[in-house]
Amino acid sequence: MRIGIPRALYYYRYFPFWQSFFEDLGCQVVVSDKTTRNTMDVGVSLTVDGLCLPVKVYVGHVSELIDKDIDYLFVPRIISTAKREYICPKFMGLPDIVKNSIKNCPPILAPVVDGRVSSLNIMKAYVKLGMRFAPLPQASFAYLKSVKKQHQYETAAREKNLNNPKNIVFDYLTIGILGHEYLINDDYINMGTMRWLKAANCRIVTMEELTESTINRHVGKLKLKRMFWTSGKRLLGAFHHFRGRVDGIISIAAFSCGTDSLTMDLVERYSCRYHVPHFQLSLDEHTGEAGVITRLEAFLELLIRRKKLEADHAAYG
Amino acid sequence: MKLTMPHMGNCYIAAEALFNEMGHEVIVPPLSSKKTLDLGTKYSPETACLPLKLNVGNFLEAIEMGAEIIIMIGGRGPCRLGYYAAVEQEILRDLGIQIDFIILEHPRDNFHKLQKQLRILIAKKGIKGLINGLRLAWEKLGAIEELERTSHVVRPREIHQGETSELLKKLLLQLRMTNTIAEIRKIRRLGLSKMQSLAVNREIQPLKIGIVGEIYTILESFANLNLEERLGDLKVEVTRTVNLVDWIKEHLILSSIGLYSNKHLLEKAAGYLHSFVGGHGLESVARTVMLAEADYHGVIHILPFTCMPEIIVQGALLRVSSDYKIPVITLVVDEHTGEMGFQTRLEAFVELIARRLEAEKHAEKTSLSRC
């Protein structure tokens, strides 16, 4: 069995889990290629124009996968990954979006990932899915093993950060990045922002490097209504972890992303209150790379000046 | 304590009655207007949806009139409405406005907090005031929605254009002024018969169009640029598939005791949407299918720009439209929606349906003559 997984959206978060799960069941995992101009164009042409860019790109990836001779397409319906929280309505309707935008779509595997009440429901959904390819014991075993793999992957991602050089030299900037993992890690969607920042010798910290407990600790301190979007909660938690620890924060959001329209606004307000340099990049299919780079350069210049000024004051102080 | 609340259609009449009966002074913000929208747009997040912007505008205008406490509803996701109140608090805070919010959350989410808030609200007249207020508000809401429903039927048939809207306005004003249940019922009864006895042309067979979509933009006539009136003037009989009475019954009363099920909607929407997606997403798809099955001539789908659930619906409706052969138009509204463009699109849509019907009739005739 060849299972197609589009290289978009939560591929960037759960791929180790999905890969291990399907391979343990004896399936072959086929991933679409990296996002290109063509992927985006195809995605944009197939979907309704109000959708956010990452979902359009997702549909583009799906249409590229169809040509790769796959038996099934894996599009999970992710409702919630944590108790009393949601992801985003578009993830809840993702299989339907795909089916409604693509004609002659291969059969879709769409487990309903709903951990609102208990994470046992997530396990149930995956085991049920696994039982299409293997008997019950093997499916449950594959699930448990994949959860462990995912955990190992996440720990490794965090440790990568700990090994980063800690002796920060002068005008070596540390920049916190806020944004969904599918924007940060997709080099084409974010117009090479991350690549550019690394080339400019910035030390980058992202949300992925924070543990769940760190985020919950910071969010718990806020005098704000409980955030019911997991991604929004992570953004706010990460912001409060970053401030004071980094020189500046860059947030990357997709235009017309519903959850970000509110959470990024909150981030903007907090960064004014706490005097954190904050730069917001809004991405859509019309974003031009040159404009992005110019604005990034200006922001870095500003951070460097600020840092120098602070260093001078300290010297005189 | 002067209370205020955001607008949504005509339900301020019911909300005002509720809080008045509980012994509070209510400041109803001026009906949403261009000024409200400008104020709201200025201070709200740029890509937030239209209702949030209008809410902020309403609040600012009400504060100017002396409001001291804002009543707002909460929610628990995944639609943005659930987080409106939190963001609105931050917006007003950053503007330097000190004002208290009472955010009414779903009873199943935080019962303790709801109890505490209710205790503040009923401090003046006790439980009795609350019950009286709820009964009065419920009665008013029922009357408002029935009058509106009737106006949708009468308006396309009226001989003197504008008569129905005028009468409706007058009746709503009367409803707002009364505060006994007996009188509300009387106005409802008399109003209905008055509306039905307006001069109408009985020969007109208006087109029947259903409206589906996001609840705020359907109910708030400023947000939808008076969609229902415009359609009525184009000789279209409108059916609103969303109304507050049913919404409260289903989503507040039944769902808080765990009896609400959306199984019938899932069955209708099968093939196009297979899950709840927040807001009225599932309802929109299921209701469009129902309208198609009930031989409606067309469906209008209305949503605020960037509305998350309804965008998913938009894609699904494209397929419903071609499968059931029913014309569907999606209207996206935000602060940039222009009146002329909106009217043109409506006229074109209605014209298209009318021609289609004529062509169908013609085809029928020719096939009959051949027999």
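How many bridges join strand 7 of chain A to strand 9 of chain A? I started my notebook with that one, and found that five bridges join the two strands, which run parallel. A reminder to myself before going on: this is a predicted model.

**Entry 1**

Four strands make an open sheet in the order 8-7-9-10 (chain A), and the pairing is parallel. Its edge strands are strand 8 (203-206) and strand 10 (278-283) of chain A, each pairing on one side only. From one strand to the next, the twist averages 25°.

Helix 11 of chain A packs on this sheet and touches strand 7, strand 8 and strand 9 of chain A. I checked the direction too: helix 11 makes about 170° with strand 7 of chain A.

Then I went through the pairs. Strand 7 (residues 174-179) of chain A is joined to strand 8 of chain A by four bridges, and the two run parallel. Across that pair, Ile177(A) has Thr206(A) in strand 8 of chain A as its bridge partner. On the strand 9 side, I found Gly179(A) opposite Ile252(A). Strand 9 and strand 10 of chain A also pair in the parallel sense, over six bridges.

I wanted to see it in strand 9 of chain A. Gly248(A), Ile250(A), Ile252(A) and Ala254(A) point one way, while Ile249(A), Ser251(A) and Ala253(A) point the other way. Is strand 9 of chain A mostly covered or mostly uncovered? It is mostly covered, with seven of its seven residues buried.

**Entry 2: one residue, Asp247(A)**

I stepped back to the loop between helix 11 (230-242) and strand 9 (248-254) of chain A, where Asp247(A) lies. Why does Asp247(A) count as buried? It has 22 C-beta neighbours inside 10 Å, and the cut-off for buried is 20 or more.

I also listed what Asp247(A) touches, leaving out residues up to four places away in sequence: Leu173(A), Thr174(A), Ile175(A), Leu303(A) and Lys307(A). Pro277(A) is 30 residues from Asp247(A) in sequence, yet their C-alpha atoms are 7.3 Å apart in space.

**Entry 3: another sheet in chain A**

I found an open sheet with the order 2-1-3-5 (chain A), made of four strands with parallel pairing. Here the edges are strand 2 (28-31) and strand 5 (108-109) of chain A. Strand 1 (residues 2-5) of chain A runs parallel to strand 2 of chain A, with four bridges joining them. Within that pair, Ile5(A) stands opposite Val31(A).

**Entry 4: helices of chain B**

Now to chain B. I compared helix 6 with two partners.

Helix 6 (residues 126-154) and helix 7 (residues 163-177) of chain B pack at an angle of about 175°, with axes 10 Å apart. These two helices of chain B are therefore roughly antiparallel. Among the residues that meet here are Ile144(B) and Leu147(B) of helix 6 and Leu168(B) and Leu172(B) of helix 7. This contact divides into eight nonpolar, two polar and one charged residue.

The contact includes Arg135(B) and Glu139(B) from helix 6 and Ile184(B) and Arg188(B) from helix 8. Its residues split into nine nonpolar, four polar and five charged.

I also checked helix 3 (residues 50-64) of chain B. Its 15 residues reach 22 Å from first C-alpha to last, close to the 21 Å expected. Helix 3 of chain B is mostly covered, since 14 of its 15 residues are buried. After helix 3 comes Gly66(B), with a positive phi near 105°.

**Entry 5: where the chains touch**

Last, the contact between the chains: 33 residues come from chain B and 27 residues from chain A. On the chain B side, helix 4 (81-94) and helix 14 (308-324) each give two or more residues. Which element of chain B gives the largest share? Helix 14 of chain B does, with nine residues. The chain B side divides into 18 nonpolar, 10 polar and five charged residues.

Definitions and conventions: Residues are numbered from 1 along each chain as its sequence is written. Chains are lettered from A and ligands numbered from 1 in the order in which they are written. This is a predicted model: local features need pLDDT of at least 70, side-chain atom pairs count only at pLDDT 80 or more; totals for chains, interfaces and linings use all residues. Two residues are in contact if their C-beta atoms, placed from the backbone, lie within 7 Å. Ala, Val, Leu, Ile, Met, Phe, Trp, Tyr, Cys and Pro count as nonpolar, Asp, Glu, Lys and Arg as charged, and the others, Gly among them, as polar. Axes are lines fitted to C-alpha atoms, for helices over the stretch in contact, and angles run from 0 to 180 degrees between N-to-C directions. Angles under 35 degrees count as roughly parallel, over 145 as roughly antiparallel, 65 to 115 as roughly perpendicular and the rest as oblique. Two strands pair if DSSP finds at least two bridges between them. The expected span of a helix is 1.5 Å times one less than its number of residues. A residue is buried if 20 or more other C-beta atoms lie within 10 Å of its own, exposed if 12 or fewer, and partly exposed in between; C-beta atoms are placed from the backbone.
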